[in-house]
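Here are my notes on this entry, point by point. Please read them with the coordinates open.

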Amino acid sequence: MGTTASQLGKADLSEYQELTFLTKQEILLAHKRFTELLPKEEKNSTNARVPMTKILTLPELKSNPFKERICLVFSTTNPNDGSFSFDDFLDFLSAFSDSATLEIKSHYAFRIFDFDNDGTLSCGDLEKLVDCLTYESEDSRLTTEEMRQLITNILEESDIDKDGTVNLSEFQHVISRSPDFVSSFKIVL
Amino acid sequence: MMTSKVQRLDSGNEQELLRLRRASSRTSGQNYPQYNWNSPEERDAGNAEAPRELRTVAWPMALKRSVRQVQQMQVPASSNAASWKHNKTKSLRKLKNNFWEFLYYFTLWGRSLQKIGGNFGGGVQSYFLFLRFLVVLNFVSFLLIAGFVIIPSFVLGSAESGFVNRTEEGPCMTYDPNPNTLVAFYEYFLHLLSGTGFMEDSFMFYGYYNNNTGTEDGSRAYNIPLAYIFTAIFYFAFCLCCIIARMGTAARVAVATGGSTVGNYSMIVFTGWDFGCLGNQATKLKQKNIYYRLQVDLEEERIKKQAASLTPWRKVALYSLRILMFVVALGLIGAAFFGIFKATDFSQKHMEQPGFLGLLIEFLPSIVITTGNFLVPLLCDQIALIEKYSPSITVVMALLRAVVLRLVSLGILLFTLCSQITCSGNAEASACQQCRYDHEKYPCWETRVGQEMYKLMLFDLLVNIALLVLVEFPRRIVVDNWSCKLSQLVGRQEFVVPSNVLGLVYGQTVVWAGALFCPLLPLMNTIKFVILFYCKKITLFHNCRPALKTFRSTTSTFFFLVVLLFGWTLALVVMIYSLAVINPSMACGPFRFFPSMWKIVPNSFYCLSKVTQDFLFFIGSQAFSIPLFALSCVIMCYFVALASIYGKSVEMLKAQLKLEGQDKQFLVKQIERLKLQHLMPALRAEVQD
């Protein structure tokens, strides 16, 4: 069961080891960091959830421009409020771990970049993505003309079936040709 | 809901419809991989669609857990053999995971490298990864040399009676490396720096080793000269294998993608973000970085469009300017080479000066090489500004020039030494007549060459440390505490990856060239590189700001290894020349009575048993080598054909994908048309009501 009791049981530990890409030490460290984020009264309860605002205080996520998207993608609440249970937290760490496969990473990267959650990367998604990547201050923003040129180029290169959006397979096709992706899509506690 | 759909139809926006269709399909879970709920036997009987491991599927934890419970309930139903195999594979996988976890603790400097990568990016991290690779390579090669040459020499006591006066006292035989056993303290220090005196008379250099571990007829307990030669050859082969193995991973990617350069923008945007960036500073820097890259690429595109529309006159002017600048750069490099040649010449002729002046003269070649390596790239950078190439070509040109400068200047130094030792190849010159090498200036020429390499290595390390202390720290202090126009202009130091990597390659080439003559050189190089790692790390974190123009980390690893191969080739040429052409010294070393170092191999060959001799003759003969050559040609043709087939199938699949997309759009149009036909009568009926 998704326990957040102060000690993680041995059966739970081996189950998590089988279902995620994390090592035993990483799971224990994750458990420690997760319980630190819980308020005192919930520290021993099972199935506790940490609200999004607290997750965003983690130093690994604090300055990441995709932090809200990460919370929304890995959270399993309905309606989606970005809060994490311990299971969600482990899913997140597993996808970003050292040994996760390219398919897992590209799948989650696609979902993180899909800002409107419609299953494809449209022009609006791509524009928001480029803004996240480059917008640091007013003077480091691409002009509208440059943005248009850039998005046209991106769609020309990666949209194979020419429907004006990038779907998951086209995205994975681009990712598979990049040798840097697996090492840059990594967050280690 | 139907009316809204009709409205959308009327507007004829097919893209919108496609997206709606996708959205509805997504909510039904079609973007998630499907799970085959059948039992294992049915699954195996059909096709292996179910995922091997649950964690490789992108499902939330709750779903994975319930599937795992179902799997566990199904397990007792399967046969004994299947379950035993399943358990065995599971335990094997667990063992493998535990082993890799255990090994990870022993990765050298793992945590530091992670921190460097998070704060300064992949380009700088690749420099430190390269440095770590060289440290490990040098240490393992030292263990090799120690095991086969140094320890046997030490144990069998062959080195002690190294300089006993022999009965035949010819002019070629006089060699005394340590004439004054009582030396003043400062002379001790001078000896340490230049490798003479007590250092020459030790395991460091070639001259100390001997071949009297047995009788002269060749039946020895341990043949030190043979071990010496084979260790040197194996050391070179081992380094080559390591470099090529490391290149293999980088090259595999380039070949698999068919070498296509398409996808530059999408690659930057989709894979450019480094999720390991920690802290606000690093994030802002990464954003600036990506912004700069995108801007540069967009600008290059605009420039290309512009350049295509240049008038012929302007094109001619541009090309003639480029040719002129190329000649100027060549002239600068040639001037540097001439300087090195003259300096080596002068230094070798005036070797025996005492005191500090003598030390300066001894280090003259190293000083000139280092000065050249600093000045000429600076000037070449200024030249590159005039040439107006696109940014990527400018970087490549600058690197090529720096590589040529560094490696060929080392080559010139070695060539000058060689021509002095052999009197420029003229065996009839007065100095070289008796012993076929200049025995007056070089009673033990191998040791002298080893000393030169040792001095180069030491000087490189000292210069790096001196730069750190005297230039980088003060620069940071000045820039941080004194805000005037000049300090704003100069700014903090940037960690420039390419020139640092070339420094490493130069250092490693020096060690390779000198390893035959100075067996302890790899060990000293290991220590030097370890010191360099910590020095560079300190300067990186305290003095440097991250570079705006980053070096691409994967292509750069491949590039570093290619340059390292150039250095290896240069050292190989030196080794082959010393082994096969030049006469070994008659006054020192294990090869003193052979006409060339290689001669010991044929001599020892005849000590082997008849069967082995016949076998080795057979391998070397034409009856074996021609069929082998033909076979390797056939295998190579097979691999080339395979590679081209893969490339073609990739192209075909891409074309198929395009067709599928068009089919999809056609079908969607058909569906909408049919829906419209269906809806129209219903709508008319509604309106009538």
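1. Start with the annotation. UniProt, in an unreviewed entry, lists "domain: EF-hand" for residues 101-136 and 146-181 of chain A. Bear in mind that the model is a predicted one.

2. Take the second of these stretches. Residues 146-181 of chain A are 64% helix and 0% strand.

3. Next, the domain layout. Chain A splits into domain 1, residues 10-95, and domain 2, residues 102-184. In the contact between them, domain 1 of chain A supplies eight residues and domain 2 of chain A supplies twelve residues. Taken over C-alpha atoms, the centres of domain 1 and domain 2 of chain A are 26 Å apart.

4. How much area is buried between domain 1 of chain A and domain 2 of chain A? The figure is about 940 Å², and carbon and sulfur atoms give 72% of it. Helix α5 of chain A (residues 67-74) makes the largest contribution to the domain 1 side, with four residues. By class, that side of domain 1 of chain A has seven nonpolar residues, one charged residue and no polar ones.

5. Now the interface between chains. In chain A, 75 residues are in contact with 63 residues of chain B. An interface's size is often expressed as the accessible area lost when its parts come together. For chain A and chain B, the buried area is about 6400 Å², with 58% of it on carbon and sulfur atoms.

6. How many salt bridges cross the interface of chain A and chain B? The rule finds five. One pair to inspect is Glu15(A) with Arg65(B), whose side chains form a salt bridge at 3.4 Å, N to O. Chain A and chain B also share 15 residue pairs in polar contact, both residues at pLDDT 80 or more.

7. Which helix gives the most to the side of chain A that touches chain B? Helix α9 of chain A (residues 144-158) does, with seven residues. The residues on that side of chain A comprise 33 nonpolar, 22 polar and 20 charged.

Key
Residues numbered from 1 in each chain as written. Chains lettered and ligands numbered in written order. Predicted model: local features only at pLDDT ≥ 70, side-chain atom pairs only at ≥ 80, totals over all residues. Heavy atoms only, no water. Domains from an automatic or database assignment. Contact = heavy atoms within 4.5 Å. Buried area = accessible area lost by both parts, 1.4 Å probe. Helix = DSSP H or I, 4+ residues; strand = E, 2+ residues; numbered from the N terminus. Nonpolar A, V, L, I, M, F, W, Y, C, P; charged D, E, K, R; others polar. Salt bridge = Lys/Arg side-chain N within 4 Å of Asp/Glu carboxyl O. Polar contact = N/O pair within 3.5 Å; in protein donor to acceptor, adjacent residues only side chain to side chain. UniProt positions renumbered as here; feature names shortened; annotations may be inferred.
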